[in-house]
Amino acid sequence: MQLKKYLWKTARIVEETADTITIVFDAKEPFGYKPGQFVNLTLEIDGERVTRSYSLSSYCEEDDSPAITIKLLRGGLMSSYILHNAHNIAEWEIEGPFGNFTPPEKDYSDTPVVLLAGGSGITPLMPIMRNVLAHGAKKLLLVFANKSMETIIFKEALTGFSDKRKFRLIHALSRQEIVSEDVLTGRLDAVVIKKTIKDYLDDQLNDALFFICGPEALMDLYKKAVSELGVEDAHILTEHFVIEENDNIPVSLKGLPDKTYEILLHYNEITNLVEVPPGMDIMTAAHADKIPIPFSCKNGTCGTCYGRVLKGEVKLLRNLALSDDHLKDGYTLLCQAHPLTEDVEIDVQR
Ligand code: FES
């Protein structure tokens, strides 16, 4: 699957809630992506190029145009800019698609699916839900945590799907009391989550596939509950790209050669010889040489720093952005890549 840069115009803007909009793009040329994948969006804000990752909330097999859904984050530079200026943005610089939070391609008639979401974490889960339903899923549970009914993204669409396709939709509301068997109110804890899942799945727990996306703390809670039910890790898929910018994820540098390598790095039309000291990733080494490799998260999550290995071997420490197809095609993430051989040659085209 080719990673490319696109310049898209706006087809339309949909107001989802008071602080969330969906931008449907006029992509001009075909754009293939899988349910659950994301794109990187770059805009110039106050003279600076700013890049952020957004899940595609559209479903490639049924929707004509790709779309992303953006919620205003407190203190979020990009989301605040977009929410206030979306109608005036003439072109959207998009790269992707990235990510491997995608449902296995198969028939789902014998596989129960459980989606555990919180807030804007619903955006990748929406196309995943549509995909598994389109591929035969008969048993599907969505537990969706929000503050109140007014803050629920895709509320009408979800209710419509659940009525039509007979899947179980349970809202968990932290700041609103509603008496209903479809609503959990008050503090959501592992006990409540486990009971909700067990009541729904009954004896099919071991056959089920779980997809989790939302704020980190909520994801940890969901993951803990599901693991305590005895579900194997292989049946639990999580999406981590919604993380704080200053999130430092420690990675073990063990297993890396204790020597300096000189690698060949093509950046657009310029070829550079870059010295990469032991333990340093290729992007940091390139930046030290004033080669402006684009980046955003610096922890293997967003995919902004991707490049293609033309020769030699690199070790990729952490990858939450590139799919297996990307890896097979030689793509790597320079913020997480370390040379392993003397002949490493990498191409970065933007
Ligand atoms: S900068 Fe985000 S994956 Fe490298």
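The model is predicted: local features need pLDDT of at least 70 and side-chain atom pairs count only at pLDDT 80 or more, whereas totals for chains, interfaces and linings use all residues. Residues are numbered from 1 along each chain as its sequence is written, and side-chain values use heavy atoms, with hydrogens and water left out.

**Helices α4 and α5**

- Helix α4 spans residues 190–201 and helix α5 residues 216–228; they pack at an angle of about 55°, with axes 9 Å apart (axes are lines fitted to C-alpha atoms over the stretch in contact, with angles from 0 to 180 degrees between N-to-C directions).
- The crossing of α4 and α5 is right-handed.
- Ala 190, Ile 193, Lys 194 and Ile 197 of α4 meet Leu 221, Tyr 222, Lys 224, Ala 225, Val 226 and Glu 228 of α5 (contact means heavy atoms within 4.5 Å).
- This contact of α4 with α5 comprises 7 nonpolar, no polar and 3 charged residues.

**Helices α2 and α3**

- The axes of helix α2 (residues 122–134) and helix α3 (residues 155–165) come within 12 Å and cross at roughly 20°; α2 and α3 are therefore roughly parallel to each other.
- The crossing of α2 and α3 is left-handed.
- From α2, the contact involves Ile 122, Met 126, Met 129, Arg 130, Leu 133 and Ala 134, and from α3, Ala 157, Leu 158, Phe 161 and Arg 165.
- By class, the contact of α2 with α3 has 8 nonpolar, no polar and 2 charged residues.

How values were computed
Helix = DSSP H or I, 4+ residues; strand = E, 2+ residues; numbered from the N terminus. Left-handed = near helix turned anticlockwise from the far one by under 90°. Nonpolar A, V, L, I, M, F, W, Y, C, P; charged D, E, K, R; others polar. Parallel < 35°, antiparallel > 145°, perpendicular 65-115°, else oblique.
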